[in-house]
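Begin with the sequence and the model below.

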Amino acid sequence: MPSEEPATAIPSLRQRRRAAAVQEIVNAGEQHITEHGPGALSLRAIAQSLGMTVQALYHYFPSRDALVTALITKAYEDLADALEEAVASAEDDPAVPRLMVVAESYRRWAVEHPELFQLLYGAPLRHYAAPAEGPTTQAVRRISGLFERALFDGYTAEQFAAADMPELSADFRKFTEGLTPDGRGELPASATALFLGAWGRMHGLVSLEVFGHTSFIGVHQAEIFRVEMQSLYQDIRKRLPATGQPPKDAVDKRGTRDRQGPASP
């Protein structure tokens, strides 16, 4: 007889009430940030908006940092959800590069939620340090994984090895070898460099817009972003050769004869 699957334990009434209270506090904190900005985060104000004391709030979050971590994690997860939904909705249109889908969704979420974007990528909150390998780290990795797949899905190790880009230092190559799989260590050094450069181009333009530095071009900000992302997509395609081309190192080792002209048959 097939073994029976263990029944899932049903949370107790006390656990459900606690979970509901935690969610309500996080929602109130998010609303407070949306109205006043992350720099004005106040546990007292959040507690008052819920009709509770700060001491009662500490019953659910033992410290300010614990609540901040929950708020940052939720914002990252909401952003990741938006990116995944955009990719899923574009599955039926293979003509649209996934990089464009992810980038446009990233910008749209940031523009629609500027205060939460500032919480994630603006000036760090004073005296706050995210827990090492905590929920915020896992949430960041989810987003970077989405961006990585949009950039590199379908490319092979041989194509990365033949990437057309400046020579990377031995120190950087050694550094990338020591990265964990969740810290971009699954990519070779050339792909890691491409990933970081592409992320900087996308995130940099979004940050300039959210923080008001490109407001002088008004409604054209969306167009400039789209043009830059199209350029980024083309740059990546040019740097990573089609399957079957020899790695760059192999081409270099053929000697000066190939660089001076074709060899005799």
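Leaving aside its neighbours within four places in sequence, which residues is L120 in contact with?

## L120 and its surroundings

L120 is in contact with I72, A75, Y76, L79 and W109, once its neighbours within four places in sequence are set aside. Contact here means heavy atoms within 4.5 Å. L120 lies in helix 6. Its relative accessibility is 11%, so L120 counts as buried. The classes are buried (under 20% relative accessible area), exposed (over 50%) and partly exposed (in between), with a 1.4 Å probe and protein chains only.

Y76 is one of the contacts of L120. The two residues are 44 positions apart in sequence, yet their C-alpha atoms are 7.5 Å apart in space. T137 can also be placed relative to Y76: the pair is 61 residues apart along the chain, with 9.7 Å between the C-alpha atoms. T137 belongs to helix 7. At 22% relative accessibility, T137 is partly exposed.

## Basis of the model

The model is predicted; local features need pLDDT of at least 70, side-chain atom pairs count only at pLDDT 80 or more, and totals for chains, interfaces and linings use all residues. Residues are numbered from 1 along each chain as its sequence is written, and side-chain values use heavy atoms, with hydrogens and water left out.

## Overall fold

The protein chain holds 13 helices and zero strands. Helices (H or I, at least four residues) and strands (E, at least two) are DSSP runs, numbered from the N terminus. Along the sequence the pattern reads α-α-α-α-α-α-α-α-α-α-α-α-α.

The chain has 265 residues, and 35% of them count as buried. Take the contacts with a separation of 6 or more: 71% of these come from residues 24 or more positions apart.

## The nonpolar core

In soluble globular proteins, nonpolar side chains tend to be buried together. The largest nonpolar core here has 61 residues. Such a core is a set of buried Ala, Val, Leu, Ile, Met, Phe, Trp, Tyr and Cys residues joined through side-chain atoms within 4.5 Å. Which members touch the most other members? They are L57, L67, Y106, F147, L151, F152 and M202. Helix 4 (residues 64-89) supplies the largest share of this core, 11 residues.

F147 makes contacts beyond its sequence neighbours. Leaving aside those within four places, F147 touches L99, V102, F195, A198, W199 and M202.

## Helix 5 against helix 10

Helix 5 (residues 98-112) and helix 10 (residues 189-210) pack at about 25°, with their axes 10 Å apart. Axes are lines fitted to C-alpha atoms, for helices over the stretch in contact, and angles run from 0 to 180 degrees between N-to-C directions. The two helices are therefore roughly parallel. The orientation classes are roughly parallel (under 35 degrees), roughly antiparallel (over 145), roughly perpendicular (65 to 115) and oblique (the rest).

Helix 5 contributes A103, Y106, R107, A110 and V111 to the contact, and helix 10 contributes W199, M202, H203, V206, E209 and V210. By class these are eight nonpolar, one polar and two charged. Nonpolar covers Ala, Val, Leu, Ile, Met, Phe, Trp, Tyr, Cys and Pro; charged covers Asp, Glu, Lys and Arg; polar covers the others, Gly among them.

H203 sits in helix 10. Is H203 buried or exposed? Its relative accessible area is 15%, so H203 is buried. Beyond its neighbours within four places in sequence, H203 contacts Y106, F117 and Y121.

## Helix 1 against helix 4

Helix 1 (residues 13-36) packs on helix 4 at about 80°, with the axes 10 Å apart. That makes the two roughly perpendicular. From helix 1, Q23, I25, V26, N27, G29, E30 and I33 meet L67, A70, L71, K74 and D78 of helix 4. This contact has six nonpolar, three polar and three charged residues.

## Positive phi in a loop

Most residues other than glycine have a negative phi. H127 has a positive phi near 65° and is not glycine. H127 is in the loop between helix 6 (114-121) and helix 7 (135-152). At 69% relative accessibility, H127 is exposed.

E133 also lies in the loop between helix 6 and helix 7. Its phi is positive, about 55°, and E133 is not a glycine. E133 counts as exposed, at 53% relative accessibility.
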